[in-house]
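These are my notebook entries on a structure that I looked through. I record below what I looked up, entry by entry.

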Amino acid sequence: VFSSESNKLNIIFLNNNKLTSISSDLFRNFKEIIILNLQYNLISSIESYSFYNFDLLETLSLSNNHLSNLNDNTLNGLFQLKLLNLSMNFIEKIDNK
């Protein structure tokens, strides 16, 4: 989807794109993302470690999706995260083994 030259992106807005899931390799080449906006999609699942090694990520917005469950590895490694927006989802369970 993205070219090799685009892996230096710092801000990615993918809102309103009808995305249904986030695979663990979707953003694997984008380790310099600071803001990732995935609002207003149809995301119902996020694979474990999808955001792993996002050392610079400060803002992650997943609001207005169809999330109902987050496992303990979904947000693993987001040490710089300052804003996490999960509003307007259907979250029933957050696993923390």
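**Entry 1: the ring cluster.** I began with the aromatic rings and noted that ring pairs link Phe27, Phe51 and Phe54 into a cluster. For this entry I took rings of Phe, Tyr and Trp (its six-membered ring) as paired if their centres lie within 6.5 Å; planes under 30 degrees apart count as stacked, over 60 as edge-to-face and the rest as tilted.

**Entry 2: the basis of the values.** The model is predicted, and local features need pLDDT of at least 70, side-chain atom pairs count only at pLDDT 80 or more, while totals for chains, interfaces and linings use all residues. I number residues from 1 along each chain as its sequence is written, and side-chain values use heavy atoms, with hydrogens and water left out.

**Entry 3: the ring pairs.** How many aromatic pairs does a search of the whole structure find? The search gives three. I then looked up accessibility, where buried means under 20% relative accessible area, exposed over 50% and partly exposed in between (1.4 Å probe, protein chains only). Tyrosine 49 counts as partly exposed because its relative accessibility is 39%, and tyrosine 52, at 38%, also counts as partly exposed.

Phenylalanine 51 and phenylalanine 54 have ring centres 6.0 Å apart and planes at 85 degrees, so this pair is edge-to-face too.

**Entry 4: the core.** A nonpolar core is a set of buried Ala, Val, Leu, Ile, Met, Phe, Trp, Tyr and Cys residues joined through side-chain atoms within 4.5 Å. The largest one has 18 residues, and those touching the most other members are Phe27, Ile33, Leu36, Leu38, Ile46 and Phe51. Leaving aside residues up to four places away in sequence, isoleucine 33 touches Leu9, Asn10, Ile12, Phe27, Phe54, Leu56 and Leu57.

Entry 5: Most residues other than glycine have a negative phi. Asparagine 16, however, has a positive phi, near 60 degrees, and lysine 18 likewise has a positive phi near 60 degrees. Asparagine 16 lies in the loop between β1 (11-13) and β2 (21-22), and lysine 18 is placed in the loop between β1 and β2. Strands here are DSSP runs (E, at least two residues), numbered from the N terminus. Asparagine 16 counts as exposed because its relative accessibility is 53%, and lysine 18 is exposed at 67%.

Methods
Helices (H or I, at least four residues) and strands (E, at least two) are DSSP runs, numbered from the N terminus. Contact means heavy atoms within 4.5 Å.
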